[in-house]
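Try each task before reading its solution.

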Amino acid sequence: MEAQKSNFPKFLLLWAGELISAVGSGLTSFGLGVYVFQQTGSAGSMALVTLLAFLPTLLLSVPAGVLADRYDRRLLMMLGDGCSALGILYILLCMMRGGAELWQICVGVFVSSTFSSLLEPSYRATVTDLLEKEEYSKASGMVSLAGSARYLISPILAGALLAVSDIKLLLIIDICTFFPTVFAAAFVRKEIAVRPADSRPPFGESLRQGWDTITGNRGIFILVVVSSVMTCFIGCFQMLAEPLILDFADSTTLGIGETVCACGMLVSSLFLGVRGIKRGYVKMVSASLLLAGLTMVGFGIWENIYTICLFGFMFFATLPFANSCLDYLIRTNIPDELQGRAWGVIGFLSQIGYVVAYAVSGAAADVIAAGFQIGVGRGAAAVIMLAGTMLAVTALLLYNIKSVRALEDDRNEK
């Protein structure tokens, strides 16, 4: 019998398009942040733009997942990524006419994010369509690598481009980066069969099925909750790392420190892209989260940029391992025909952690600083260390949960 041909090259093509698109999105995110701050001098205005860029993805992730199971996933990717360029184009046109007002930028990022919300569930479900189970962890590492590109490549590239031009160039580049993703999705759509959709349950029923798929398996539901906890602690880290460093160092040191820390994710993602993970997924996710929590504690102890970079690098290096194992354990225990709507629900629940972090962590740091009469940076460090301790405890509890360990045992038996 002839061996089935691997679809991994097709995944690589799709992944390359997403990598390019992520870099372009990072350019726009960096450039708009600088532009809004220069025009308004308000951190609140920057936060408003960020919030409007984030909310559509959160609120629409569940219905986008249902659409991914009801319609052609590759076509949804093409529509989502292609039409999201319209919002960026609107901002560009406003700037070319003399400058974009804050409300125009908010409209543009909201429109762009609304269409982009179609992309994630369809992309994740397409990975399942393309690859064999043994290739999932390797693919997850590469997906993490593409996602980290906007933090590793985009800020440096955007800073260099802004030194010789202005934000309009960044927006033009971002618009151009949408095309590789659309072309890659079109090629993959042509090469693999479209899933039949003879019977489509009502939209509300599809939403319920996605929720039931997650909550019906106790092990999967616990992992989804852990994912939300992870994003909450990561959000705390992202929000408070800057004031922690700026309390004793300048912005140049901050930029270098952020780049060094983010390189930890790059190294781990490259390793997983080459080697993958073959077994011991529950043990690996628990160990990764435990180490992540301990490094968060180490990150906040000393006002020393070298130790901060060391622990920050180690923290980000653990995340691809944890994400890859969580992805594998969840993906392999969800039926293929329910992947889209399930990942939509998972995306919504996991992203709630960021909302909590954005709403609570900054205020908590200020309260601690005022209560103990210390600098805001030390207050931020206290919140980060507390979050790290809680993450480490979560990791220890996770490994001893039988329903989670059963997810891997069930896969090994098949």
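**Exercise 1. A side chain turned toward the backbone**

Find which backbone oxygen lies 2.6 Å from a polar atom of the T318 side chain, and work out whether T318 is buried or exposed.

Solution. Keep in mind that this is a predicted model.
- Step 1: the oxygen belongs to F315, and its distance to the polar side-chain atom of T318 is 2.6 Å. That is within the 3.5 Å cut-off for a polar contact.
- Step 2: T318 sits in helix 13.
- Step 3: check the accessibility. T318 has a relative accessible area of 4%, so it counts as buried, given that the cut-off is under 20%.
- Step 4: look for partners further off in sequence. Skipping residues up to four places away, T318 touches S288, L291 and A292.

**Exercise 2. The main core**

Say how many residues the largest nonpolar core has, and which of them have the most contacts inside it.

Solution. 
- Step 1: the core has 61 residues, with L289 and F299 having the most contacts inside it.
- Step 2: see where the core comes from. Helices supplying at least two residues each include helix 2 (43–70), helix 10 (218–246), helix 12 (281–301) and helix 14 (339–372). Helix 13 gives the largest share, 14 residues.
- Step 3: zoom in on F299. Leaving aside neighbours within four places in sequence, F299 is in contact with F237, A241, L244, C261, I308, F311, G312 and I384.
- Step 4: A second, separate core has 18 residues, among them V36, A85, I91 and L171.

**Exercise 3. Sorting ring pairs**

Classify the F271–F321 ring pair and the F315–F316 ring pair by geometry.

Solution. 
- Step 1: get the overall count. The whole structure has 8 aromatic pairs.
- Step 2: take F271 and F321. Their ring centres are 6.0 Å apart and their planes meet at 40°, so this pair is tilted. The pair links distant parts of the chain, with F271 in helix 11 and F321 in helix 13, 50 residues apart.
- Step 3: F271 is partly exposed at 40% relative accessible area, whereas F321 counts as buried at 17%.
- Step 4: take F315 and F316. Here the centres are 5.2 Å apart and the planes are at 80°, so the pair is edge-to-face. F315 is buried at 1%, and F316 is buried at 13%.
- Step 5: join things up. Ring pairs link F237, F299, F315 and F316 into a cluster.
- Step 6: one more ring to look at is Y399, where R405 lies over the face at 4.7 Å from the ring centre.

**Exercise 4. A leucine and its partners**

Find which residues L157 touches beyond four places in sequence.

Solution. 
- Step 1: L157 belongs to helix 7 (residues 154–164).
- Step 2: its partners are V23 and L27. The C-alpha atoms of L157 and L27 are 7.6 Å apart, although 130 residues separate the two along the chain.
- Step 3: L157 has a relative accessible area of 34%, so call it partly exposed.

**Exercise 5. Counting disulfides**

How many disulfides does the structure hold?

Solution. 
- Step 1: the count is 0.
- Step 2: The nearest cysteine sulfur, from C236, is 4.6 Å away, and C232 is in no disulfide; the cut-off is 2.5 Å.
- Step 3: C232 counts as buried at 16% relative accessibility, while C83 is partly exposed at 23%.

Terms used: Residues are numbered from 1 along each chain as its sequence is written. This is a predicted model: local features need pLDDT of at least 70, side-chain atom pairs count only at pLDDT 80 or more; totals for chains, interfaces and linings use all residues. Side-chain values use heavy atoms; hydrogens and water are left out. A nonpolar core is a set of buried Ala, Val, Leu, Ile, Met, Phe, Trp, Tyr and Cys residues joined through side-chain atoms within 4.5 Å. Buried means under 20% relative accessible area, exposed over 50%, partly exposed in between (1.4 Å probe, protein chains only). Helices (H or I, at least four residues) and strands (E, at least two) are DSSP runs, numbered from the N terminus. Contact means heavy atoms within 4.5 Å. A polar contact is a pair of N or O atoms within 3.5 Å; within protein, one must be able to donate a hydrogen and the other to accept it, and residues adjacent in sequence count only if both atoms are side-chain atoms. Rings of Phe, Tyr and Trp (its six-membered ring) pair if their centres lie within 6.5 Å; planes under 30 degrees apart count as stacked, over 60 as edge-to-face and the rest as tilted. A charge sits over a ring if NZ of Lys or CZ of Arg is within 6 Å of the ring centre and within 35 degrees of the ring normal.
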